[in-house]
Amino acid sequence: MSQSITRDNFDEWMMPVYAPASFIPVRGEGSRLWDQQGKDYIDFAGGIAVNALGHAHPALNRALKEQADKFWHTGNGYTNEPVLRLAKRLIDATFADRVFFCNSGAEANEAALKLARKYAHDHTGPHKSGIVAFNNAFHGRTLFTVSAGGQPAYSRDFAPLPPGIRHAVFNDLASARELINDDTCAVIVEPIQGEGGVVPAEPAFLRGLRELCDRHQALLIFDEVQSGVGRTGELYAYMHYGVTPDLLTTAKALGGGFPIGALLASEACASVMTVGTHGTTYGGNPLASAVAGEVLTLINRQEVLNGVKQRHQWFCERLQAIGQQTGVFKGIRGLGLLIGCVLDDRYAGRAKELSMLAAQEGVMVLIAGGNVIRFAPALIISEEEITAGLDRFTRACERFVSGGSS
Ligand SMILES: *Cc1c(COP(=O)(O)O)cnc(C)c1O
């Protein structure tokens, strides 16, 4: 059956909002994938920071199949054991007192922004509705979240956009201070801008945002959709920074590949959301919750989190060497296993081209804008897989500088 499907079918049948690679993966194991022709790839993309435990992890398969044999879905008129266990795990592991479950990062951010508006309405009044976000941020593709995002190219075609959102300069506290005032209900920020180029926040910037939010009774929302669930070497990046938000959104790696998102909140914030004020059909679905519960159990262990820091070293040492040897990069940045290599000015705008060469050599990498190659592999990727993948990536870089696209 799969033999009769080709990549060309994508161009015929799919709404053309993506430009997927020229090959179609059909099977995965750990940090390796195989395409229709049986060619193998080392996966440094991790499904965009989603497959934190790689592909076909036996314990995740078991959790999914065990729940699949019981029941899949009931809707929110009934709760279920997997979702309650998952909620308790998240509460025990973080600042949160309560959790709202949904299916994606965008939905989690949508819920956070709505909660912030309602919190301000209930406690102060409807004039307190301003939202401060940041240039180059990414928060999802619903109309509200894409408007909070700081890339006008993603939102302007969908105007009129929801009003009341303003953008400051990321890592520039003075520019945020100009926009945050008593009419601000929320500040939303990624501790590490992922799509925006793998740019970690400076600790003083996040501390300063916390102080400004406290001064003006605004809620501080950390969008940890990409940075969460062990990615930085801590369970959540806020733990790395030592700055605690009022609301935190998590998705991507939370399900290890099964769609799920969550909004974590303090009791004070959560209490404004009462029966009927928000919801979603699949949120807290037992299949997703069973898998996510297993993901958290496996990742929230000191040896796994320390392993992320170790792997960061392995990656960065090799990437530095590749940069020196080929001159492709002018800098390497990121935390844990979210790493960005910034292309040298000579190669500005050509990240996509390099990523396509990498795929030809048998290694999947991500881009973050036109100038950054991004790595977001499984948190448990083996040293052997890292070495093999970086060998392939080295060949791609060599071909790239020698101008050999073919
Ligand atoms: C991917 C991402 C989102 C959107 O998540 P979806 O599941 O695609 O809706 C939001 N915020 C950040 C920081 C992300 O990286």
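Tutor: Helices are DSSP runs of H or I with at least four residues, strands are runs of E with at least two, and both are numbered from the N terminus. By that rule, R210 is found in helix α9. This is a predicted model, in which local features need pLDDT of at least 70, side-chain atom pairs count only at pLDDT 80 or more, and totals for chains, interfaces and linings use all residues. Residues are numbered from 1 along each chain as its sequence is written, and side-chain values use heavy atoms, with hydrogens and water left out.

Student: How many helices and strands does the protein have?

Tutor: The protein has 15 helices and 17 strands. Its radius of gyration, taken over C-alpha atoms, is compared with a globule rule: 2.2 Å times the number of residues to the power 0.38. The radius of gyration here is 21 Å, close to the 22 Å that the rule gives for 406 residues, so the protein is as compact as a globular protein of that length. Along the principal axes, the C-alpha atoms fill a box of roughly 60 × 55 × 45 Å.

Student: What share of the residues is buried?

Tutor: Buried means under 20% relative accessible area, exposed over 50%, and partly exposed in between (1.4 Å probe, protein chains only). Here 54% of the 406 residues are buried.

Student: Take R210. Is R210 buried or exposed?

Tutor: R210 is buried, because its relative accessible area is 15%. A contact means heavy atoms within 4.5 Å. Leaving out residues up to four places away in sequence, R210 touches A218, L220, V243, T244, P245 and D246.

Student: Now the ligand. Which residues are around the ligand?

Tutor: A residue is near a molecule if one of its heavy atoms lies within 4 Å of it. Around this ligand are S104, G105, A106, N109, F138, H139, G140, E190, D223, V225, Q226 and K252. Helix α5, residues 105-123, gives the most to this shell: three residues.

Student: Where does K252 lie?

Tutor: K252 is in the loop between β11 (247-250) and β12 (261-265). Its phi is near 25°, a positive value in a residue other than glycine. K252 counts as partly exposed because its relative accessibility is 22%.

Student: What about phi of Q217?

Tutor: Phi of Q217 is near 50°, also positive in a residue other than glycine. Q217 sits in the loop between α9 (203-215) and β10 (219-223). At 55% relative accessibility, Q217 counts as exposed.

Student: Where is the cis peptide bond?

Tutor: The cis bond joins A159 and P160, with omega about 5°. P160 is in the loop between α7 (152-155) and β6 (165-168).
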